[in-house]
Amino acid sequence: MFDFRYHIASLIAVFIALVIGILVGIGLSGRGFVSDAERKNLEAQISELRSDRDATRAQLADATRRQSATDHYADDTYLALVDRRLDKRRVALVFLGSVDQTAANAVTQAVGDAGGRVARLRALRMPLDVKSIRQVISKRPALHGYAGAKHLGDLGHDLGVELVLGGKTPLLDALGDALLEERTGGTQLPVDGVVVDRNAPPQQGPTHDFLMGLYRGLADTGVPSIGVERSRSPSSAIRAFTRAGLSTVDSVETSTGRLALVLELAGANSGHYGVDDTATSGVLPPVAPLPAGG
């Protein structure tokens with residue numbers, strides 16, 4: 001919805017520029033440079049543009065009212081709708097780049113409000129320190145299968161699996177210092193869902209290959225895997241998450257975003273939810289009733 005309002009504003013700006021151009025044309029006609037017929041045509045264009053402007057303003061006002069109503073509904077019903085939907089479930093939160101505290105707080109709040117908890121948080125250095133990773137792998141015979149740039153995707157895949165399944169995590173144990181910028185929570189138990197936030201610019205080369213593998217690994221575990229970002233993120237990752245096959249939620253710090261996240265973690269239809277133009281599945285997944293006594 002925010003993108004829609006920006007689109008409307010840009011149309012109004014174009015309207016103003018066109019009107020200025022037409023007025024200049026009319027001014028020239030008054031000096032004998034434009035014929036009377038052309039002058040009348042210019043005046044008719046101004047009238048048509050004014051009608052288009054008024055219609056555009058009406059669309060903007062309607063969009064704003066609809067968004068406000070949706071926000072108020074989410075604010076008023078959020079706690080009732082998320083209550084116990086993630087009862088006793090464990091969630092992993094993965095940042096690609098430094099921790100975005102706004103997003104981290106939003107995810108932690110949403111999971112907690114629904115009765116679950118963020119069992120572990122991992123922030124991966126972006127871009128990868130490929131040199132340090134190679135050095136660690138070269139010293140550990142058990143990891144030699146990951147040697148070489150062509151195996152970075154395999155490394156990412158298997159790390160993604162470890163992040164979800166927990167238990168023995170030889171890759172994370174060996175590469176933690178080279179890979180991780182921040183970590184909290186243990187890896188003994190598996191998690192029931194994973195949330196990913198990319199707080200770094202789009203990556204290329206070896207880091208891109210690693211991330212594509214990481215996304216595949218998360219998806220292959222079968223637990224809900226959702227890419228998120230906050231409103232007006234400086235470098236949106238939603239399209240990258242979508243291409244990688246993850247579900248997505250934008251504006252995760254809002255009541256609407258937190259509700260969408262909880263519903264997806266609880267097993268709702270996977271898709272791309274939120275208020276931006278990347279939310280091709282709508283604002284929210286279907287809200288299924290909780291089982292009796294659940």
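Ser132, Ile133, Val136 and Ile137 of helix α4 are in contact (heavy atoms within 4.5 Å) with Ala174, Leu175, Ala178 and Leu179 of helix α6. By class, this contact of α4 with α6 comprises 7 nonpolar residues, 1 polar residue and no charged residues; Ala, Val, Leu, Ile, Met, Phe, Trp, Tyr, Cys and Pro count as nonpolar, Asp, Glu, Lys and Arg as charged, and the others, Gly among them, as polar. The structure is a predicted model, in which local features need pLDDT of at least 70 and side-chain atom pairs count only at pLDDT 80 or more, while totals for chains, interfaces and linings use all residues. Residues are numbered from 1 along each chain as its sequence is written, and side-chain values use heavy atoms, with hydrogens and water left out.

The protein has 9 helices and 7 strands, where helices (H or I, at least four residues) and strands (E, at least two) are DSSP runs numbered from the N terminus. Buried residues (under 20% relative accessible area, with exposed over 50% and partly exposed in between, for a 1.4 Å probe and protein chains only) make up 44% of the 294 residues. Among contacts between residues at least 6 apart in sequence, 71% join residues at least 24 apart.

Two packed helices are described by the angle between their axes and the distance between the axes. The axes are lines fitted to C-alpha atoms, for helices over the stretch in contact, and angles run from 0 to 180 degrees between N-to-C directions. For α4 (residues 130–138) and α6 (residues 170–179), the axes come within 9 Å and cross at roughly 155°. Helix α4 is therefore roughly antiparallel to α6; angles under 35 degrees count as roughly parallel, over 145 as roughly antiparallel, 65 to 115 as roughly perpendicular and the rest as oblique. The crossing of α4 and α6 is right-handed, a crossing being right-handed if the near helix is turned clockwise from the far one by less than a right angle, and left-handed if anticlockwise.

The axes of α5 and α7 come within 6 Å and cross at roughly 40°, which means that α5 is oblique to α7. This crossing of α5 and α7 is also right-handed. Residues in the contact include Leu155, Gly156 and Leu159 of α5 and Phe210, Gly213 and Leu214 of α7. The residues of the contact of α5 with α7 divide into 10 nonpolar, 6 polar and 3 charged.

Leaving aside residues up to four places away in sequence, Phe210 touches Leu124, Leu128, Leu152, Gly153, Leu155, Gly156, Leu159 and Leu179.

Several loops hold backbone features. In the loop between β2 and α4 lies Pro127, which a cis peptide bond joins to Met126, with omega about -5°. Arg84, in the loop between α2 (36–82) and β1, has a positive phi of about 70° although it is not a glycine. Arg84 counts as partly exposed, at 40% relative accessibility. Arg232, in the loop between β5 (225–228) and α8 (238–243), has a positive phi of about 50° and is likewise not a glycine. At 58% relative accessibility, Arg232 counts as exposed.
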